[in-house]
Amino acid sequence: MGTIKSLNKWANAHTYYPLDVLRIALGVFLFMKGVHFVSNTELLVELIKPLNTYAGSMILAHYVAASHLVGGILIAFGLLTRWAIIVQIPVLIGAILVNFMGDFNTANLFLASATFLVCVFFVFYGSGKHSVDYYLKMQM
């Protein structure tokens, strides 16, 4: 716990606007992906088609769309950022693995991998100085 606190203090002391813009862009991107999946459910069902043999593929489709919608908003505002990203990580790992189970698409693999790496960075970095989390922490 002390290590995380010291890393968080270092991150707050060295916060730069580009990292906040990256966090906001990540949140907006995930939210737009959620909107895209909700409006094109047949695309999402097609993406998880290699997993149709497993039970709960429809539950998985709803989890992906809901986690992108809610998580994207939370990440963009910087509210419960780490928790929202932790919910995104299984979805992104699934997005990476679906490329190897179904049709291999290099662009989708690159996009999913880059999003995964940015999410892992923000799990450790946190939401930064220009976020709702930081504002609420300073109010106490």
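Phenylalanine 121 is partly exposed, because its relative accessible area is 36% (buried means under 20%, exposed over 50% and partly exposed in between, with a 1.4 Å probe and protein chains only). The model is predicted: local features need pLDDT of at least 70, side-chain atom pairs count only at pLDDT 80 or more, and totals for chains, interfaces and linings use all residues. Residues are numbered from 1 along each chain as its sequence is written, and side-chain values use heavy atoms, with hydrogens and water left out.

- Tyrosine 125 counts as buried at 6% relative accessibility, and phenylalanine 122 counts as buried at 0%.
- A search of the whole structure finds three aromatic pairs; rings of Phe, Tyr and Trp (its six-membered ring) pair if their centres lie within 6.5 Å, with planes under 30 degrees apart counted as stacked, over 60 as edge-to-face and the rest as tilted.
- Phenylalanine 121 and tyrosine 125 form a stacked pair, because their ring centres are 5.2 Å apart and their planes stand at 15 degrees.
- These two residues, phenylalanine 121 and tyrosine 125, are four residues apart in helix α6, so about one helical turn separates them.
- The pair of phenylalanine 122 and tyrosine 125 is edge-to-face, because the ring centres are 6.0 Å apart and the planes are at 75 degrees.
- Phenylalanine 122 and tyrosine 125 are three residues apart in helix α6, so they too are separated by about one helical turn.
- Phe121, Phe122 and Tyr125 are linked into a cluster by ring pairs.

**Valine 123**

- Valine 123 lies in helix α6 and counts as buried, at 19% relative accessibility.
- Not counting residues up to four places away in sequence, valine 123 touches Arg82, Ile85, Ile86 and Ile89 (contact means heavy atoms within 4.5 Å).
- Isoleucine 85 is 38 residues from valine 123 in sequence, and their C-alpha atoms are 6.6 Å apart in space.

**Histidine 68**

- Helix α4 holds histidine 68, which counts as buried because its relative accessibility is 4%.
- Leaving aside neighbours within four places in sequence, histidine 68 is in contact with Leu30, Phe31, Lys33, Gly34, Phe37, Gln88 and Val91.

**Overall fold**

- The protein has seven helices and zero strands; helices (H or I, at least four residues) and strands (E, at least two) are DSSP runs, numbered from the N terminus.
- Along the sequence the pattern is α-α-α-α-α-α-α.
- Taken along the principal axes, the C-alpha atoms fill a box of roughly 50 × 25 × 25 Å.
- Of the 140 residues in the protein, 33% are buried.
- Among contacts with a separation of 6 or more, 73% are between residues 24 or more positions apart.
- The protein exposes about 8,800 Å², and carbon and sulfur atoms supply 75% of that area (accessible areas come from the Shrake-Rupley method with a 1.4 Å probe; for residues, only the protein chains shown count as cover).

**Largest pocket**

- The largest pocket holds about 770 Å³ of space; a pocket is an open set of points on a 1 Å grid over the protein atoms alone, where a 1.4 Å probe fits, with protein on both sides within 12 Å along at least five of seven lines, and lining residues have an atom within 4 Å of a point.
- The lining of the largest pocket has 33 residues, and Phe37, Leu47, Gly94, Ala95 and Val98 are the closest to the centre.
- At least two lining residues come from each of α2 (17–39), α3 (41–47), α4 (57–77), α5 (81–101) and α6 (106–125).
- Helix α5 supplies the largest share of this lining, nine residues.
- By class, the lining of the largest pocket has 22 nonpolar, eight polar and three charged residues (Ala, Val, Leu, Ile, Met, Phe, Trp, Tyr, Cys and Pro count as nonpolar, Asp, Glu, Lys and Arg as charged, and the others, Gly among them, as polar).

**Second largest pocket**

- About 310 Å³ of space lies in the second largest pocket.
- Its lining has 13 residues, with Asn8, Thr81, Arg82, Ser127 and Asp133 nearest the centre.
- Helix α7 gives the most to the lining of the second largest pocket, four residues.
- The lining of the second largest pocket divides into four nonpolar, six polar and three charged residues.

Note on methods
Grid points are joined across faces, edges and corners, and a volume is the space filled by probe spheres set on the points.
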